[in-house]
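I would ask you to look at the sequence and the structure together while I go through a few selected points.

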Amino acid sequence: MLTHHRKPVCLSLISTDLPVWSVVETAGTLYQKDTDRFHLLLTAPPLISCEIASSLSPEDTLLQNSNKAYAPSSPRILWLEISPYRVIMTMQGNAQVSYRHFWEHGVYGISRYWLPTESLQPNDPIRLRNFTTAMTLSGHPLPEHLRLEYELWAEKVQLGRYILNLEIKH
């Protein structure tokens, strides 16, 4: 039962206790895998990276540009696996930070982050835990709104409380 629909999507992430806020508005492709299981694929805008070169003298500063901003050429793919019981979100692409989150209401899920290949340990992910305090999925027969509230943890240290909000316009 694989059907797909191209839809406008708004995905936002905010922290309730830290200055973190991000919004992505784009078109996504919604695949219906089963009666209550969906996959949503979207292309996220590129992260802008900065290279900062150190200069030894003021003359060097004049000869070279110390800040070089660039946008990677390949897109970042954001893939959400959505059901009323759990959500898995994966970001991958263009050799930048990749991640995978697993959320299920009342459960400690795993959040993994992979750093770019020039980092010290390119194949070992950073593993964090998240605790999903609330999960709401509405819309029938296709999902229209998803709201996840969760806490992010590193061992016994809480790294903030977050709200992930997804709106799919039909």
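I begin with a lysine. Lys7 is buried, yet no salt bridge is found for this residue. The nearest side chain of opposite charge belongs to Glu144, at 9.0 Å, whereas a salt bridge would require a side-chain nitrogen within 4 Å of a carboxyl oxygen. Please bear in mind throughout that we are looking at a predicted model.

Where in the chain does Lys7 have its place? The residue belongs to strand 1, which covers residues 3–15. Which residues is Lys7 in contact with, once neighbours within four places in sequence are left aside? They are Thr26, Ala27 and Gly28, together with Ile168, Lys169 and His170.

Let me now turn to the chain as a whole. In sequence order the pattern reads β-β-β-β-α-β-β-β-β-β-β-β-β. The chain has 170 residues, and 34% of them count as buried. The accessible surface is about 10500 Å², with 56% of this area belonging to carbon and sulfur atoms. If we take the contacts with a separation of 6 or more, 40% of them are between residues 24 or more positions apart.

Strand 7 spans residues 86–92 and is mostly covered, with five of its seven residues buried. On one side of the pairing list is strand 6, residues 76–82, which runs antiparallel to strand 7 and is joined to it by six bridges. Within this pairing, Ile77 has Gln92 as its bridge partner in strand 7. Strands 6 and 7 form a hairpin, and three residues lie between them. The other partner to mention is strand 8, residues 98–104, which is likewise antiparallel to strand 7 and linked to it by six bridges. Here Thr90 stands opposite Arg100 of strand 8.

How many aromatic pairs does a search of the whole structure find? The search gives four. One of them is formed by Trp103 and Tyr150, a tilted pair with 5.2 Å from centre to centre and 50 degrees between the planes.

Tyr108 is in strand 9, residues 108–114, and Phe131 is in strand 10, residues 126–138, so the pair ties together parts that are 23 residues apart in sequence. Tyr108 has a relative accessible area of 45% and is partly exposed. Phe131 is partly exposed as well, with a relative accessible area of 22%.

Finally, I return to Trp103 and Tyr150. Ring pairs link these two residues and Tyr162 into a cluster. With that cluster I conclude, and I welcome your questions.

How values were computed:
Residues numbered from 1 in each chain as written. Predicted model: local features only at pLDDT ≥ 70, side-chain atom pairs only at ≥ 80, totals over all residues. Heavy atoms only, no water. Buried < 20%, exposed > 50% of the residue type's maximum accessible area, 1.4 Å probe, protein only. Helix = DSSP H or I, 4+ residues; strand = E, 2+ residues; numbered from the N terminus. Pairing = 2+ DSSP bridges. Lys, Arg positive; Asp, Glu negative; His and termini not counted. Contact = heavy atoms within 4.5 Å. Areas by Shrake-Rupley, 256 points an atom, 1.4 Å probe, with all protein chains shown as cover. Phe/Tyr/Trp six-rings, centres within 6.5 Å; stacked < 30°, edge-to-face > 60°.
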